[in-house]
Amino acid sequence: MNAPVLRNPAMTAPAPSTLAHVPFVSVANMMRLVHHVGVEPMLLGLTDYIEEDFRRWELFDKTPRVASHSRDGVIELMPTSDGEVYGFKYVNGHPKNTRAGLQTVTAFGLLATVDTGYPVLLSEMTVLTALRTAATSAMVARHLAPEGTKTMALIGNGAQSEFQALAMRAVCGVDRLRLFDIDPASTEKLVRNLSGHGFDLTPCPTAEEAMEGAGIVTTCTADKQYATILTDNMVGSGIHINAIGGDCPGKTELHPDILKRSDVFVEYPPQTRIEGEIQQMPEDFPVTEMWEVINGTKPGRRDGRQITLFDGVGFAIEDFSALRYVRERVRETGLYEDLDMIADPDDPRDLFGMLQRAAP
Ligand SMILES: NC(=O)c1ccc[n+]([C@@H]2O[C@H](COP(=O)([O-])OP(=O)(O)OC[C@H]3O[C@@H](n4cnc5c(N)ncnc54)[C@H](O)[C@@H]3O)[C@@H](O)[C@H]2O)c1
């Protein structure tokens with residue numbers, strides 16, 4: 001059957017209104033933006049935006065992310081709002097993907113104004129997620145890592161790892177990296193990428209050796225199962241652990257005994273208790289929320305012997321801050337395209353008329 005209502009040759013398709021246009025940041029423009037600003041200045045900028053939003057934490061809508069799990073991975077939606085702007089990120093986590101030449105994590109995200117609900121930014125977030133995750137780790141380390149730490153053990157040398165290294169240098173001054181990955185090709189890739197960037201890089205044959213002399217240890221491995229990247233005997237006093245790879249039910253990196261000896265800091269407990277290292281612990285296991293440390297209402301590092309552990313799973317507010325940063329920078333630089341994304345008829349009740357007028 002034909003659909004005659006869609007035929008009206010006398011009419012021509014109207015040009016989209018300006019409200020129909022949503023600024024879109026493609027991967028190419030995101031990469032241009034990073035090079036324009038500089039990777040480390042951008043990581044510093046993101047760190048400050050995230051910290052600013054952690055300071056006004058109570059304003060935000062908060063909910064654990066909505067996760068759809070499958071045998072091979074997870075697809076998640078991460079929404080939040082500060083009352084004026086709403087944002088969400090779509091992100092996946094598929095550890096098996098790299099074996100098929102695909103990435104473990106891909107993402108995109110959106111901001112909208114709360115007063116009309118119209119989107120105001122659509123952006124790639126695969127690159128941005130790596131930047132915001134590293135900026136969050138560095139923001140936390142700025143408050144918790146032992147004073148003057150220059151050496152970090154970096155365990156898991158995949159897609160996130162260089163970003164973690166650069167953020168820790170930009171924000172905390174870390175410039176010595178001790179590296180371990182079960183796949184030596186990952187470590188070789190990291191060394192290739194960061195050679196000539198002023199780091200002292202030491203590939204190590206085991207995770208234990210990578211931890212020698214390190215004040216910070218970052219674990220960013222990917223495995224869709226309980227893994228034990230660090231055991232209790234490997235963790236000396238005074239260290240800061242930045243554990244970001246355990247971020248799903250059934251996917252952890254640390255032996256539970258480490259958690260018992262550490263002071264554990266988290267983003268949003270209702271989400272971290274489902275997804276983080278603390279999923280291995282009882283429901284009432286004590287944790288400190290990072291926003292309270294940043295606001296000065298809860299203590300961070302108290303002394304040089306304390307083990308601080310950031311059980312980072314990635315929270316929606318960090319993505320919101322990252323999109324807020326990108327929105328301001330692309331306004332200044334014009335590094336976006338207008339996407340004809342929102343149907344916006346002259347008469348808002350005549351959506352069908354607009355469709356009809358667009359008939360070929
Ligand atoms: N917390 C957050 O906000 C956040 C954000 C993004 C990614 N992640 C998580 O970080 C992890 C790393 O992400 P990615 O994109 O770098 O993944 P990736 O697959 O690119 O890299 C992971 C690396 O870990 C290595 N690895 C696996 N098991 C190991 C082990 N037992 N010991 C040492 N190395 C091991 C792999 O060989 C690989 O090189 C993933 O689990 C991802 O879900 C967390």
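Trainee: Let's start with the strands. Which residue in β5 does Tyr86 stand opposite?

Mentor: Tyr86 stands opposite Ala112 in β5. Keep in mind that this is a predicted model.

Trainee: What makes β4 and β5 a pair?

Mentor: Two strands pair if at least two bridges are found between them. Seven bridges join β4 to β5 (residues 107-113), and the two run antiparallel. Seven meets the cut-off of at least two, so they count as paired.

Trainee: What about β3 and β4, and how do they pair?

Mentor: Strand β3 (residues 74-81) and strand β4 (residues 85-93) pair in the antiparallel sense, over eight bridges. Within that pairing, Ile75 stands opposite Asn92 in β4. The hairpin has three residues between the strands, and Gly83 takes a positive phi near 95°.

Trainee: How do you know how confident the predictor is in the chain?

Mentor: The score to look at is pLDDT, which averages 94 over the chain, and 95% of the residues score at least 70. Be careful with residues 1-10, though, where pLDDT stays under 50.

Trainee: Why is Gln271 called buried?

Mentor: Buried means under 20% relative accessible area. Gln271 has 1% relative accessibility, so it counts as buried. Gln271 lies in helix α8 (residues 269-275), and its contacts beyond four places in sequence include Thr63, Pro64, Val313 and Phe315.

Trainee: What makes the approach of Gln271 to Arg65 a polar contact?

Mentor: The side chain of Gln271 reaches the backbone nitrogen of Arg65 at 3.2 Å.

Trainee: Is Asn29 buried or exposed?

Mentor: Asn29 is buried, because its relative accessible area of 6% is under 20%. Asn29 is found in helix α1 (residues 27-37), and its side chain has a polar contact of 2.7 Å with that of Arg32. Beyond four places in sequence, Asn29 touches Leu335, Tyr336 and Glu337.

Trainee: Now the rings. How many aromatic pairs does a search of the whole structure find?

Mentor: The search finds six aromatic pairs. In one of them, the rings of Trp57 and Phe315 have their centres 5.6 Å apart and their planes at 35°.

Trainee: Why is the pair of Trp57 and Phe315 called tilted?

Mentor: Planes under 30 degrees apart count as stacked, over 60 as edge-to-face and the rest as tilted. The angle here is 35°, so the pair is tilted. Trp57 lies in the loop between α2 and β2, and Phe315 in the loop between β16 and α10, so the pair ties together parts that are 258 residues apart in sequence.

Trainee: What makes the pair of Phe60 and Phe320 edge-to-face?

Mentor: Their planes are at 85°, with 5.1 Å centre to centre. Since 85° is over 60, the pair is edge-to-face. Phe60 is buried at 4% relative accessibility, and Phe320 is buried too, with a relative accessible area of 2%.

Trainee: Which residues touch the most other members of the largest nonpolar core?

Mentor: That core has 65 residues, and Met42, Phe54, Leu128, Leu177, Leu194, Met290 and Val326 touch the most other members. Its largest share, nine residues, comes from helix α3 (residues 126-144). A second, separate core of 27 residues includes Ala153, Met211, Ala243 and Leu259.

Trainee: Why do such residues gather?

Mentor: In soluble globular proteins, nonpolar side chains tend to be buried together.

Notes. Residues numbered from 1 in each chain as written. Predicted model: local features only at pLDDT ≥ 70, side-chain atom pairs only at ≥ 80, totals over all residues. Heavy atoms only, no water. Core = buried A, V, L, I, M, F, W, Y, C linked by side-chain atoms within 4.5 Å. Buried < 20%, exposed > 50% of the residue type's maximum accessible area, 1.4 Å probe, protein only. Helix = DSSP H or I, 4+ residues; strand = E, 2+ residues; numbered from the N terminus. pLDDT = per-residue confidence, 0-100. Contact = heavy atoms within 4.5 Å. Polar contact = N/O pair within 3.5 Å; in protein donor to acceptor, adjacent residues only side chain to side chain. Phe/Tyr/Trp six-rings, centres within 6.5 Å; stacked < 30°, edge-to-face > 60°.
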